[in-house]
Amino acid sequence: MSVTPNNKTDYAKEYAKVELIGQYLLAAHCVREKLMLFKENIHYLVDFGCGAGKSTRAIANCVREGGVIVGVDISDDMLIEARGLNEKLKDKLPRVKFEYKKIMTQNGVEKIPLADEVADAVTTTIVLVEIQSEEQLRNAFHEMGRITKPGGQLVVINSSDKITCEDFTSFTYAPFPENKERKDNIRKCKSTVSNIVWEKERHWSREILTQFAEEAGFKNLSVEYPLATESIPPFPDNPSRPWKDELCFSPFIMLSARKESTH
Ligand SMILES: C[S@@+](CC[C@H](N)C(=O)[O-])C[C@H]1O[C@@H](n2cnc3c(N)ncnc32)[C@H](O)[C@@H]1O
């Protein structure tokens with residue numbers, strides 16, 4: 001029986017049911033740790049490619065009290081789910097203003113619906129894998145750079161470009177619709193080049209990511225390949241369920257940087 005939803009709305013609904021578990025938990029933990037270093041300076045935080053808002057809600061504690069966190073995405077269906085979940089979870093969420101906005105496309109070029117230099121920090125969690133062309137990727141960085149204040153922070157997490165050998169790694173995947181069909185919910189990664197295209201996912205290389213970030217005005221770039229730790233289990237409701245290879249091989253490349261100051 002196929003469990004893959006047959007349209008985008010159904011997919012977004014299924015996606016929204018999945019909690020912050022597995023690799024998404026690790027990604028959120030890494031982004032949170034980075035942003036917390038700058039919390040006192042973060043009033044306005046943007047989550048590029050927010051999906052159903054999992055990554056957005058996960059970083060809500062990283063803004064100053066009274067702050068604003070804005071999730072932006074190209075998918076209307078995801079944004080509907082994000083707004084619905086925020087409403088449902090509002091009593092459990094910190095007192096931060098959440099907004100979800102649609103990224104518009106004009107002549108094939110995406111534009112984040114925010115003014116220049118409004119954000120104290122911009123993050124993006126497992127989104128760039130879905131971007132298919134270098135031109136689109138460059139534009140995504142350009143847009144993230146445009147909306148970031150001089151001196152503001154960027155934190156990017158994407159699938160690692162070091163995933164290089166067939167059957168080398170097995171990772172703990174969240175039970176998204178497409179993953180449910182995978183045996184034991186484990187995906188083996190295969191490819192031999194850094195610009196991996198894996199079932200339409202792109203593991204963009206460190207070189208491309210850093211080049212486009214620099215072109216977008218970001219400086220002081222740091223690149224990490226974060227590992228999971230046993231002290232943070234991948235499935236909080238079932239702490240005996242362990243990580244797979246994430247303990248010794250990072251599923252992610254994480255880039256952090258600061259927007260160039262004008263003075
Ligand atoms: C794997 S989901 C991650 C969602 C969210 N960041 C999270 O951690 O739950 C990828 C999201 O990226 C969005 N996306 C894909 N391509 C995009 C693009 N070119 N610009 C903005 N968002 C995009 C999709 O609509 C989807 O919501």
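This is a predicted model: local features need pLDDT of at least 70, side-chain atom pairs count only at pLDDT 80 or more; totals for chains, interfaces and linings use all residues.
Local features require pLDDT of at least 70 and side-chain atom pairs pLDDT 80 or more, while totals for chains, interfaces and linings use all residues. Residues are numbered from 1 along each chain as its sequence is written, and side-chain values use heavy atoms, with hydrogens and water left out.

We can start with the ligand. The side chain of aspartate 73 places an N or O atom 2.6 Å from an oxygen atom of the ligand. For tyrosine 15, a polar side-chain atom lies 2.9 Å from a ligand oxygen; for serine 55, a side-chain N or O atom is 2.9 Å from a ligand nitrogen. On its own the ligand has 590 Å² of accessible area (Shrake-Rupley method, 1.4 Å probe), of which the protein covers 94%.

Next comes the second largest pocket. Its lining consists of 16 residues, and Glu19, Lys54, Arg57, Leu85 and Leu89 are the closest to its centre. Eight of the lining residues are nonpolar and eight are charged, with no polar ones.

Finally, the structure holds eleven salt bridges (a side-chain nitrogen of Lys or Arg within 4 Å of a carboxyl oxygen of Asp or Glu). One of them joins lysine 17 to glutamate 14, at 2.9 Å from N to O. Side chains of opposite charge can pair when their charged atoms come close.

Definitions and conventions:
On a 1 Å grid over the protein atoms alone, a cavity is a set of points where a 1.4 Å probe fits but cannot get out, and a pocket is an open set with protein on both sides within 12 Å along at least five of seven lines; lining residues have an atom within 4 Å of a point. Ala, Val, Leu, Ile, Met, Phe, Trp, Tyr, Cys and Pro count as nonpolar, Asp, Glu, Lys and Arg as charged, and the others, Gly among them, as polar. A polar contact is a pair of N or O atoms within 3.5 Å; within protein, one must be able to donate a hydrogen and the other to accept it, and residues adjacent in sequence count only if both atoms are side-chain atoms.
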